[in-house]
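Student: Hi, I have just opened a structure that is new to me. Could you walk me through it?

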Amino acid sequence: MALAGTEHDQAVLLSAPDIGELEQEYVLAALRSGWVAPAGPDLDHFEREIARRAGVPHAVAVNSGTAALHLALEGVGAGPGDVVVVPTLTFAATANAVLYTGATPVFADCDRATGNLDPELLAGLLADLDAEGARVRAVTTVDLYGTCADYSRILPVCERYGVPVVEDAAESLGAAHAGRPAGSFGRAAAFSFNGNKIMTTSGGGMLVTADSGLADRARYLAGQARLPAEHYEHAEVGYNYRLSNVLAALGRAQLARLDAMMRRRRAVRDGYAEIFAPVDGVRLLGGDDPAGNCWLTVIVADPDRTGWRARDLAAHLRAGEVETRPVFKPMHRQPLFAGARSWLSGAADALFTNGLVLPSGSALDRSQVDRVLDGITGFLAGRR
Ligand SMILES: *Cc1c(COP(=O)(O)O)cnc(C)c1O
């Protein structure tokens, strides 16, 4: 397959890790210090630095964003017999974490402009569930592709029903909404440092929260729920979710460069905005939100107006070894969730059909970006 392994300088990838000298320096220093794993000073610093960035007092480093989501849901008490609202347009991890707790996910459709949870639809859904007497333990929000959900409208709706928000901020570190940073909106939030995210620890995540009890419990569960006794005492099921000190060192170097990497991604996005501006029927998902982190740029092409489909552009770019990806297949369309209840407007389905994720990484150099833009220009010229 052309996009793998040794062909890296050939293919233009969607969102490859952006690793430089600073990362080498931090990781080498961690290795030389002898603090390899599990704990260490970089881990403590990394937690404090992410907490500061998210504007919350507590952070617990874990080995994936999915683990952070699981612990956040556990922290709000999700369990068998409970219902948790999940946006249908998301990566499977959001819904999988609900299953880990034994709770049942129900799916809600999105706003067509951003792909994020539709606040009005959420209000109707919570009213329906309330009338049924369902035990709704949490509403999860997803800050899709780096644009925060509309918390100004979502939080009051959730407050009306006394349901806590668990924020899946896996894609939105560094973004903001109404002047508040991503990760600060929910009772707890989860960041991901997976390899393709805005910053990476190769694999990792972070739970952030203002609730010290929730943070303490998450830390305890992430360490196999080991009670403070020398002889390994355990009273409940725990998990091996901790992040290593070496990976935290990598994360600290990445975090020091986060703003620069966000600027780079925004410049790439601006290039797409410019090239598609004169094209009738194409828009950027999330528009030009100045507070987004520009993790991934997604175009939405309405075939009735463009005369072409998103997948036609994808095929054209693939021929030039430029990687693109469809928008997430909605959860209500997944075989895993075939029996789940959903409140739908059709917006997520439309974005799945008409959306296309374009190369957006901060490691893309000028010539790679030009190759993508030239590819798009060539495609558009052939369609006129
Ligand atoms: C990446 C991602 C996750 C999972 O993060 P991992 O670190 O890969 O476990 C969860 N939710 C969303 C929306 C994501 O994009």
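Student: How far does a polar side-chain atom of Ser192 lie from an oxygen atom of the ligand?

Tutor: The distance is 2.7 Å, between a polar side-chain atom of Ser192 and a ligand oxygen. Please keep in mind that this is a predicted model, where local features need pLDDT of at least 70 and side-chain atom pairs count only at pLDDT 80 or more, while totals for chains, interfaces and linings use all residues. Residues are numbered from 1 along each chain as its sequence is written, and side-chain values use heavy atoms, with hydrogens and water left out.

Student: OK, and which atom of the ligand does Asp168 reach?

Tutor: A polar side-chain atom of Asp168 lies 2.7 Å from a nitrogen atom of the ligand, and an N or O atom in the side chain of Lys197 is 3.3 Å from a ligand oxygen.

Student: How much of the ligand does the protein bury?

Tutor: The protein buries 92% of the 380 Å² that the ligand exposes when taken alone, with areas from the Shrake-Rupley method and a 1.4 Å probe.

Student: How many residues surround it, then?

Tutor: There are 15 residues around the ligand, and the closest are Gly65, Thr66, Glu171, Ser192 and Lys197; a residue is counted if one of its heavy atoms lies within 4 Å.

Student: Which helices supply at least two residues each of that shell?

Tutor: Those are α3 (65-75) and α4 (92-101), helices here being DSSP runs of H or I with at least four residues, and strands runs of E with at least two, numbered from the N terminus.

Student: New topic: how many aromatic pairs are there in the whole structure?

Tutor: A search finds eight, where rings of Phe, Tyr and Trp (its six-membered ring) pair if their centres lie within 6.5 Å, and planes under 30 degrees apart count as stacked, over 60 as edge-to-face and the rest as tilted. The rings of Phe91 and Phe328 have centres 6.0 Å apart and planes at 40 degrees, so this pair is tilted.

Student: Where does Ser202 lie?

Tutor: Ser202 is in the loop between β8 (188-192) and β9 (205-209), and its phi is positive, about 75 degrees, although Ser202 is not a glycine.

Notes: Polar contact = N/O pair within 3.5 Å; in protein donor to acceptor, adjacent residues only side chain to side chain.
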